[in-house]
Each structure stands twice: as C-alpha cells, then as structure tokens.
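Visitor: Hi, I have a structure here that I have not looked at before. Could you walk me through it?

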Amino acid sequence: MTLVAAVVALALAVAALVLVLADVATTSADPVNEAQKLASPPAKAPGNGDANGGGDGKGKQPATQTGQSLATASRLYRTGRLADVNCSPGALPAGSMVAYRRFLTRVTACLNKAWGAQFRKARISFTKPRLRIITSKVHTPCGAWNTGADGVYCAADRTMYLMISKDQLRNPFPLGITRLIAHEYGHHVQQVSGIWRYYWTARAIAGKARRLQLSRNSELQAECFSAVFMSTMKGTSLVTDADWAYTVNWFRKNGAKGWPQNDHGRGPTQAAWMTRGFNRGTPGACNTWAADPRKVT
Ligand SMILES: [Zn+2]
C-alpha cells in the first residue's frame, strides 16, 4: 500500500518534471539569448554602492514589415511630448515587499497610460507588457536569469521581470527603480513599435563591431525613452532636480562599468541620452538609429 503510493507519487513527480522541461524546451527555442546587464545607481551617495546588474532578453518579431526605416523613421518619433498622466505612485517605505509591488504596479499603470496614448497618436496598435516582481532568480522564456540581474524585459512573453534584492528592500531609491522599470518598458516600446524587428534582423547578419553598435542603439534608446517618461514627473517628490542630477552623474561615471563589452555605450554617452530625453520629453528625441554614430559610442 505504502509502496504503491510511493510509486504513484514518484510517477507523478516525474511527469511534472517532464512537463516543466518540455515547457522550457519549447519556449527557449528563440535564436538569440543575449544576456544584457543594466546598471542602477545605489540609493545612497555615490561610491559606496555596487552596480546592480540587469538584463534584457529578446524575442521574435512578427514578420509583417522589415527594413531600417522601422527603427530610423518610426511613427512614434512624430507624436510629440509624451503624455503627462500625473503619475504619483506614492511612497516607497523601506522593508515592505507589499509596498514595492504596489509602487511598481502603479508606475506600470502610468507607463501604460502614457505610452498607450503615444501609440494611439502614431496609429500603431499597442498591447501592455506584463510585470513580474521576483525576489529570486527565475527561468524566463528568454533564458536563465543573469547573475546579479535586477531587470529583464523578455519579448518572447512580453514581460518585464524586476528583481527586488534585500538591499533594495532595506534601502529603496524610488527614482532609481522607476528609471529601471521605465527602461525595461522602453524595450517593450521598441518591441511593439517594430523597432526591435529591425534590430534583431540586422543583428543576426552583423559582424561583432556592428552588433555592438546595434546593441548601443537599442540600449541608449531605451534609456532615453526612460528619461522621457521621467521628465513627465519632473519637479515632483519622486523626480527632484537633485535626485535626477545625482542619477545622471552616477551613470556618467559608472554606467559602463558593468559590461565587459561596450554594448550599452560609454558612461558619458548614456548620460547624454538621458539628458536629451529628459530635456525634450519626446520619443522623437530618442532616435539613436538615425543619430551620428559618434553620439552612439
Ligand atoms: Zn536594456
């Protein structure tokens, strides 16, 4: 009796394991899985923090249109200032995962509203990304979690994965986490608009130097999109002039340190695109694809 029960339990366990493996095998079949890191500034003064890594996964693009113009001449660039949705996600007190979830859910709702309006203006159909807040590594359809990562956008399941570390929980920096989620959202914008369709197509046939350049185009644009969103909250208690200046300076000094290769741009280049997006407040300011290559170094 107990032996039978044990055998049945074992058989069920094996069946469950096979299902999990089968799922992983089908969903991770995408051709590229490039782990990309994303540094975030620490909440405290510069110099004492470690750069939290992060990553961006990728996914397949619907094959309706191809060509460089998807990226260099996206209709999103002609939609004017990003809609100000009066985003006020509230406070982010230390030590509460419930508060973190509420805060990030509210920021995501703001991003959905603001970018949704922009896509309507551009007459591009829009779908929202999913948000998953995690406290330990997960396996995404875009691959295994990158060591030290704290943010990933996976286009295969259109999900933003945000890892909240113990340190972030203890010592939250609301502007920092908002900037990070807005960056991951920027990749979703690239995905839905078709910009990434060009990116991943071009990347597939590029040599190493060109691949790095394309990666910088993509990352610097996502960072600029993030800054455009941040600019809609300029002067609020979330985005004070001092905190924004601190963040841009942190990226100028440290933004490139997390990467062995120059796939996100040098620190000063990152700071320049952040500043440009923040000051102009329009997606059109973020056309890294048509910019002078000397500005995408
Ligand atoms: Zn990124």
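Visitor: Let's start with Asn 86: does that residue count as buried or exposed, and why?
Guide: Please keep in mind that this is a predicted model. Asn 86 counts as exposed because it has 10 C-beta neighbours inside 10 Å, and the cut-off for exposed is 12 or fewer.

Visitor: Okay, and where does Asn 86 lie?
Guide: Asn 86 lies in the loop that runs between α2, residues 69-72, and α3, residues 97-122. Its phi is near 50°, which is a positive value in a residue other than glycine.

Visitor: Which phi does Arg 123 have?
Guide: Arg 123 is not a glycine either, although its phi is positive, at about 55°. This residue sits in the loop between α3 and β1, the latter spanning 130-134, and Arg 123 counts as exposed because it has 8 C-beta neighbours inside 10 Å.

Visitor: Switching to the strands, in what order do they form the sheet?
Guide: Three strands form an open sheet with mixed pairing, in the order β1-β5-β4. The edge strands, each pairing on one side only, are β1 and β4, with β4 covering 151-154, and from one strand to the next the twist averages 15°.

Visitor: How many bridges join β1 to β5?
Guide: Five bridges join β1 to β5, residues 159-163, and these two strands run parallel. Within this pair, Leu 131 stands opposite Met 160 in β5.

Visitor: And what lies across those two strands?
Guide: That is α3, which lies across β1 and β5 and runs at about 160° to β1.

Note on methods. Residues are numbered from 1 along each chain as its sequence is written. This is a predicted model: local features need pLDDT of at least 70, side-chain atom pairs count only at pLDDT 80 or more; totals for chains, interfaces and linings use all residues. Helices (H or I, at least four residues) and strands (E, at least two) are DSSP runs, numbered from the N terminus. A residue is buried if 20 or more other C-beta atoms lie within 10 Å of its own, exposed if 12 or fewer, and partly exposed in between; C-beta atoms are placed from the backbone. Two strands pair if DSSP finds at least two bridges between them. Axes are lines fitted to C-alpha atoms, for helices over the stretch in contact, and angles run from 0 to 180 degrees between N-to-C directions. Two residues are in contact if their C-beta atoms, placed from the backbone, lie within 7 Å.
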